[in-house]
Amino acid sequence: MSERPLDADIIAMTRAWVANFVVAHDVCPFAGREVRRNSLRYVVANDDEPEHLLHTLIEECHRLDAEPAIETTLMILPEGLADFDDYLDLLGVAEALLEAEGYAGIYQLASFHPDYVFEGVAASDPANYTNRSPWPMWHLLRERSVEAAVANHSAPESIPEDNVATLREIGSAALAEQWAACRRVRASD
């Protein structure tokens with residue numbers, strides 16, 4: 001894509017990815033409930049300066065502190081982090097910042113990127129789609145909610161293995177098309 005879509009379209013793409021990919025393939029068995037409750041916050045961070053993105057992250061922590069009805073925030077990062085290695089570098093800084101700001105044990109970050117590749121896994125492996133998203137993003141989760149969801153799941157340790165098996169069965173070509181379909185969604189659709 002040469003020209004960056006409007007924020008509303010970026011959010012629409014991300015919502016489509018959550019509903020049509022994450023929930024549809026049960027990649028996160030806890031996501032469907034929050035989608036139905038409409039408790040996800042989608043925020044587009046319109047900046048390519050790392051320090052501004054980190055500032056926005058802490059602002060979103062403050063928002064979660066103040067608004068308990070928001071279960072989780074997807075902070076979408078469409079500027080400046082197209083390179084996966086640059087993204088990972090900033091993710092490490094963001095995780096350290098959460099700890100330095102006293103948010104360790106309160107919030108955690110899950111990471112998603114269009115070019116996500118797990119260490120030791122081939123880039124073409126369908127398993128990578130568990131963390132591939134239409135845009136680079138940080139998923140800010142309430143730690144206590146994660147703990148409660150995991151405690152109520154019959155086999156939380158099997159979730160990653162189940163995801164890999166499911167996605168490998170679907171195959172890279174079908175996953176790539178489903179993922180790309182999310183990138184074609186617009187707010188006016």
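Two strands pair if DSSP finds at least two bridges between them. Helices (H or I, at least four residues) and strands (E, at least two) are DSSP runs, numbered from the N terminus. The views below show a predicted model, where local features need pLDDT of at least 70, side-chain atom pairs count only at pLDDT 80 or more, and totals for chains, interfaces and linings use all residues. Residues are numbered from 1 along each chain as its sequence is written, and side-chain values use heavy atoms, with hydrogens and water left out.

**View A. Strands β1 and β2 run parallel.** Strand β2 covers residues 72–76. The pairing with β1 spans 5 bridges. Leu40 has Thr72 in β2 as its bridge partner.

**View B. Four strands form an open sheet.** Their order is β1-β2-β4-β3, and the pairing is mixed. β1 (40–44) and β3 (107–112) are the edge strands. Each has a single partner strand, so one side of each lacks a neighbour in the sheet. On average, neighbouring strands are turned by 20 degrees against each other, direction ignored.

View C. Axes are lines fitted to C-alpha atoms, for helices over the stretch in contact (heavy atoms within 4.5 Å). Angles run from 0 to 180 degrees between N-to-C directions.

**View D. Glu34 sits in helix α2.** This helix covers residues 31–37. Glu34 is buried, at 10% relative accessible area. Buried means under 20%, exposed over 50%, partly exposed in between (1.4 Å probe, protein chains only). Glu34 touches Ser39, Leu40 and Glu71, not counting residues up to four places away in sequence.
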